[in-house]
Amino acid sequence: MDWGLKNRISQIIKPATGRTVMLAVDHGYFLGPTTRLENARQTIAPLLPYADTLMLTRGILRTSVEATTNVPIVLRVSGGTSILGKLSNEIITTSIRDAIRLNASGVALSIFIGSEHEKETLSNLCSLVNEAEEYGIPVLAVTAVGKEMVRDARYLGLCCRIAAELGAHIVKTYYCDGFEEVVGGCPVPIVVAGGKKIEEKEALQLTYDSIKHGAVGVDMGRNIWQSDYPVAMIQAVREIVHNNASPEKAYELFKKTATTDKRR
Ligand code: 5RP
């Protein structure tokens, strides 16, 4: 593998553990000012010391994160649709030149398999991989966002495998029963999205199950920053991802750390 590509992947997936806690704060690109991400700068700043990678759009990166940060950036480069329209009809929004200018360690785009715009979004992935590989930049393909599809092992396995076949270097998907089949059929690392906000205990269980069944980490958003105690939550997630903590131990840590975390 190209040295630059390998080096950038190792900025995203930490070589010490082979795992990653990616902090996803890209939601506004189709959801607008999502609850507790209205002021992105305020949400992101206290969490940055605990994030292995920050996933966001160029607009939020430029306006809401200091350029002096040493947290690697995975830049979302697909969008152009909203929750009010056809979500799957995405375009590539950001050029590779701009991604390089912003010192991105990786670029991310969504694919919508089984949707009306399946072919276009897969075509976007192919074009992005072709361009990004010219510069040794890894591509993270985000699968299965939206409400239309049943997120079972068969569907998610299909999505992840297709993403990898078309050249994605990392795939982001959802956890499901039989997740090991999804992982087994996907030759590149998988990170798991958190999905809608659930109880902290459940989100930690989700993290644990994902890792146990073969994910290399999480790319988590709402279950961290929509918690009343986001800093405690991201630390608890880290304990599972990097230190193989049990969900019970991580939840104990969450409760303990929450006493010192600023309540919203
Ligand atoms: C949306 C995304 C989000 O980053 C992803 O859904 C992760 O965030 P959450 O844990 O809140 O689901 O890629 O397209």
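Visitor: How do you know that α11 and α12 run roughly antiparallel?
Guide: This is a predicted model. In it, the axes of α11 and α12 cross at roughly 155 degrees and come within 8 Å. Angles over 145 degrees count as roughly antiparallel. Therefore α11 is roughly antiparallel to α12.

Visitor: Which residues make the contact between α11 and α12?
Guide: From α11 come Ala232, Met233, Gln235, Ala236, Glu239 and Ile240. From α12 come Pro247, Ala250, Leu253, Phe254, Thr257 and Ala258. By class, the contact has nine nonpolar, two polar and one charged residues. The crossing itself is right-handed.

Visitor: What makes Glu239 a charged member of that contact?
Guide: Glu counts as charged. Glu239 is on the α11 side of the contact, and the tally there has one charged residue.

Visitor: What span does α11 reach, and what is expected?
Guide: Helix α11 covers residues 230-243, 14 residues in total. From first C-alpha to last it reaches 19 Å. At 1.5 Å a residue, 20 Å is expected, and the span is close to that.

Visitor: Why is α11 called mostly covered?
Guide: Buried means under 20% relative accessible area. Ten of the 14 residues in α11 are buried. Among them are Pro230, Val231, Ile234, Val237, Val241 and His242.

Visitor: What do the buried residues of α11 pack against?
Guide: They pack against β1 (20-24), α9 (200-212), β10 (217-220), α10 (222-225) and α12 (247-258).

Visitor: What comes just after α11?
Guide: Asn244 does, with a positive phi of about 55 degrees. Asn244 sits in the loop between α11 and α12.

Visitor: Why is Asn244 called exposed?
Guide: Its relative accessible area is 53%. Exposed means over 50%, so Asn244 is exposed.

Visitor: Where is Arg36, and what is its phi?
Guide: Arg36 is in the loop between α2 (28-31) and α3 (40-44). Its phi is positive, about 75 degrees, although Arg36 is not a glycine.

Visitor: How do you know whether Ala153 is buried or exposed?
Guide: Ala153 lies in helix α7. Its relative accessible area is 13%. Buried means under 20%, so Ala153 is buried.

Visitor: Which residues touch Ala153, leaving aside its neighbours within four places in sequence?
Guide: Ala153 is in contact with Cys176, Asp177, Gly178, Glu181 and Val182. Ile198 is 45 residues from Ala153 in sequence and 21 Å away in space, C-alpha to C-alpha.

Visitor: What does the rest of α7 look like?
Guide: Helix α7 spans residues 153-165 and reaches 18 Å, close to the 18 Å expected. Its buried residues include Tyr155, Leu156, Cys159 and Cys160. The buried residues of α7 pack against several elements, including β6 (106-111), α6 (118-134) and β7 (139-143). Gly167 follows α7, with a positive phi near 115 degrees.

Definitions and conventions. Residues numbered from 1 in each chain as written. Predicted model: local features only at pLDDT ≥ 70, side-chain atom pairs only at ≥ 80, totals over all residues. Heavy atoms only, no water. Helix = DSSP H or I, 4+ residues; strand = E, 2+ residues; numbered from the N terminus. Expected span 1.5 Å × (residues − 1). Buried < 20%, exposed > 50% of the residue type's maximum accessible area, 1.4 Å probe, protein only. Contact = heavy atoms within 4.5 Å. Axes fitted to C-alpha atoms, helices over the stretch in contact; angles between N-to-C directions. Parallel < 35°, antiparallel > 145°, perpendicular 65-115°, else oblique. Left-handed = near helix turned anticlockwise from the far one by under 90°.
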